[in-house]
Amino acid sequence: MQRQNSEEEEKKRELIVPPLNFAMVAPGVYRSGFPNPRSHPFLLQQRLRTIIYVFDGDCQPYHQQFIADHSVNYKHFRVAANKEPFVEMDHAMVSEILAEVLDTRNHPVLLHCNRGIRRVGCIVGCIRKLQGWAMTAIFDEYQRFSGTKIRIADQEFIEVFKAPVHIDLQYQPTWLDTE
C-alpha cells in the first residue's frame, strides 16, 4: 500500500499541466489564465523570456517567486476589465501592452490574466486586428475562449480599438505584416 501511494505521488509530480486556457497566439506569443504552481514545469518547457500579467490586482507571491527563480522578465499592467456601462480598458495602456507583446526581444512571451478570457481575449483580438483578421473571425476566437462568459463590451472594445501601436520594425515578428 505504501509503495502504491508513493508511485501515485511520483506520477502526480511527473504530470505536465498547462495553465488554464493556454494556447499559442502566434510563434513566440502564448496566452493563458493565471499559472498555478502545477503549471510552472510546463511554463519552463516553453523557455519564456517574458511574462506579461494584465489584471488590476496583485500577482501571487508563488508566481513572483517562480519568475524570480527563473530570471523571467515580468511586466504587470493594471488593466480594468470592460464593464457596461462606463468602464473600459484604457486604449493607451492596451497599445503599450501590444507593443511589448509584439517586440521579439520579449519572445517567447506569455500574456495572461486571471482566467485568460476577457482582458487577454481583448488584447489577442487587437493583435488579430493588426494582423488583418476579419471581425467575425476575431469574435469567433474570443468566444471559443470565453464560452458562456461573453461580454459584448469586450467585443465592442476590440471593434473600436484604434490607438496607435508603436512597434520597432527591427523587432517586429515576421508574422505581423504592418505594410
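Biologist: In which helix is the place of H91?
Modeller: This is a predicted model, in which local features need pLDDT of at least 70 and side-chain atom pairs count only at pLDDT 80 or more, while totals for chains, interfaces and linings use all residues. Residues are numbered from 1 along each chain as its sequence is written, and side-chain values use heavy atoms, with hydrogens and water left out. Helices (H or I, at least four residues) and strands (E, at least two) are DSSP runs numbered from the N terminus. With that numbering, H91 lies in helix α4.

Biologist: Which residues is H91 in contact with, leaving aside its neighbours within four places in sequence?
Modeller: H91 has a relative accessible area of 23%, and it therefore counts as partly exposed, since buried means under 20%, exposed over 50% and partly exposed in between (1.4 Å probe, protein chains only). Contact means heavy atoms within 4.5 Å. Apart from neighbours within four places in sequence, H91 is in contact with F157, V160, F161, K162 and A163.

Biologist: Which residues of helix α7 are buried?
Modeller: Helix α7 covers residues 152-160, and what covers its buried residues includes α4, α5 and α6 (135-146). One of those buried residues is Q155, at 9% relative accessibility, and beyond four places in sequence Q155 is in contact with F139, Y142, Q143 and I150. The buried residues of α7 are A153, D154, Q155, F157 and I158.

Biologist: Which backbone oxygen does the side chain of R119 reach?
Modeller: R119 lies in helix α5 (residues 118-130) and, at 11% relative accessibility, counts as buried. Not counting residues up to four places away in sequence, R119 touches V54, F55, D56, V79, A80, A81, M89 and C113. The backbone oxygen reached by its side chain, at 2.7 Å, is that of V79.

Biologist: What volume does the largest pocket have?
Modeller: On a 1 Å grid over the protein atoms alone, a pocket is an open set of points where a 1.4 Å probe fits, with protein on both sides within 12 Å along at least five of seven lines, and lining residues have an atom within 4 Å of a point. Grid points are joined across faces, edges and corners, and a volume is the space filled by probe spheres set on the points. For the largest pocket, that volume is about 210 Å³.

Biologist: How many charged residues does the lining of the largest pocket have?
Modeller: The lining is made up of F55, A81, K83, C113, N114, R115, G116, I117, R118, R119, K149 and R151. Ala, Val, Leu, Ile, Met, Phe, Trp, Tyr, Cys and Pro count as nonpolar, Asp, Glu, Lys and Arg as charged, and the others, Gly among them, as polar. By these classes there are 4 nonpolar and 2 polar residues, and the number of charged residues is 6.

Biologist: In β4, which residue is the bridge partner of I51?
Modeller: In β3, 5 of the 5 residues are buried, so the strand is largely enclosed by the rest of the structure; T50, I52 and V54 point one way, and I51 and Y53 the other way. Two strands pair if DSSP finds at least two bridges between them, and β3 runs parallel to strand β4 (residues 73-77), joined to it by 5 bridges. Within β4, I51 has as its bridge partner Y74.

Biologist: How far apart in space are L176 and R128, C-alpha to C-alpha?
Modeller: L176 has its place in the segment after α7 and counts as buried at 2% relative accessibility. Leaving aside neighbours within four places in sequence, L176 is in contact with L102, L130, Q131 and I167. L176 and R128 are 48 residues apart in sequence, and their C-alpha to C-alpha separation in space is 9.4 Å.

Notes:
A polar contact is a pair of N or O atoms within 3.5 Å; within protein, one must be able to donate a hydrogen and the other to accept it, and residues adjacent in sequence count only if both atoms are side-chain atoms.
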